[in-house]
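Open the model in your viewer and keep the selection tool at hand.

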Amino acid sequence: MEDDAPVIYGLEFQARALSAQTAETDAIRFLVGTQSLKFDNQIHIIDFDDENNIINKNVLLHQAGEIWHIGASPADKAVLTTCYNKTCDSRVVSCAAVWRMPSDWETGSHESPDDTAHNPQTLELLCHLNDSAHGNAACVLWEPMGDGKRVISLADNHALLWDLQESSTQAVVSNTATLEGKGQLKFTSGKWSPHHNCSQLATANDTAIRGWDLRTMSQIYCIENAHGQLVRDLDFNPNRQYYLASCGDDCKVKFWDVRNIQEPVKSLEEHSHWLCPSLRIFQHMGNKV
């Protein structure tokens, strides 16, 4: 690929957070969040010109801390969420917030902020999604088919349903669910289902996958030992409402019919490394499963 500003994530920039900007309908665009303990962290806005095979990059500053999860609003291309680490009273805490991109960011620099000749713009903080009673935020999930007014945050063993108000400058917890059991259980990832009027959520904790009814915030299924090691990510088939995919540290991708959770419908074991988060499995499989 031709590229005016080539970037290798993991070498030049440490990064584990990636999100497609689905609200952008005129371009193929992704958001990448960096992790740095030494410098201000950044949101990289990656545009792919498929006609000319060119990648362009814009940079916005995320000065709140190193980014562990990023989510783009499905309704407003200028709005996004991040989960990030910051130091507070000599300890590291994980926080979540809603941000807005500057209205004129597309006229800004395509260079790294390390280049002192340019002054990248900074994200505008809209509101925090932190509730001190519910622990550290692991990820934030947007309602997939909504108007951009509802999100779910997973914090330790709690799932919090938030209503965004006043142009997303305020957030109110409208309901919660708690992961109960032996030991110190924590959510590691989740996926909001686009089916059933967006009333269901799938979550991962350790090697288990659980389904939740958001109308009652109650558990509706549990796949114990879904993977041999940590479940990294989940994805729903956008065309088949009962089909869920999972990937994990056991180097496997599994496909499930949540109506019958005794065995996976299909299991792929060709990988030699753990499967990374934000892998949109059904898009790669062409929705065949």
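**First stop: the sheet β11 to β14**

Select the open sheet of four strands ordered β11-β12-β13-β14, in which the pairing is antiparallel. Its edge strands, each pairing on one side only, are β11 (137–142) and β14 (170–178). From one strand to the next the twist averages 25°. This is a predicted model, in which local features need pLDDT of at least 70 and side-chain atom pairs count only at pLDDT 80 or more, while totals for chains, interfaces and linings use all residues. Residues are numbered from 1 along each chain as its sequence is written, and side-chain values use heavy atoms, with hydrogens and water left out.

Some terms for this stop: strands are DSSP runs of E of at least two residues, numbered from the N terminus. Two strands pair if DSSP finds at least two bridges between them. Angles run from 0 to 180 degrees between N-to-C directions, along axes that are lines fitted to C-alpha atoms.

Now select β13 (residues 158–165) together with β14: they are joined by eight bridges in the antiparallel sense. Pick L161 and look across to N175, its bridge partner in β14.

**T176**

Which strand holds T176? T176 belongs to β14. It counts as partly exposed because its relative accessibility is 31% (buried is under 20% relative accessible area, exposed over 50%, partly exposed in between, with a 1.4 Å probe and protein chains only). Beyond its neighbours within four places in sequence, T176 contacts H134, A159, L160 and M217 (contact means heavy atoms within 4.5 Å).

**Second stop: the sheet β15 to β18**

Move to the open sheet of four strands in the order β15-β16-β17-β18, with antiparallel pairing. Here β15 (189–192) and β18 (218–223) are the edge strands, and each pairs on one side only. Neighbouring strands are turned by 20° against each other on average, direction ignored. Select β16 (residues 200–205) and β17 (residues 208–213), which pair in the antiparallel sense over six bridges. L201 stands opposite W212 in β17.

**Last stop: F30**

F30 sits in strand β3 (residues 28–34). With a relative accessible area of 34%, F30 is partly exposed.
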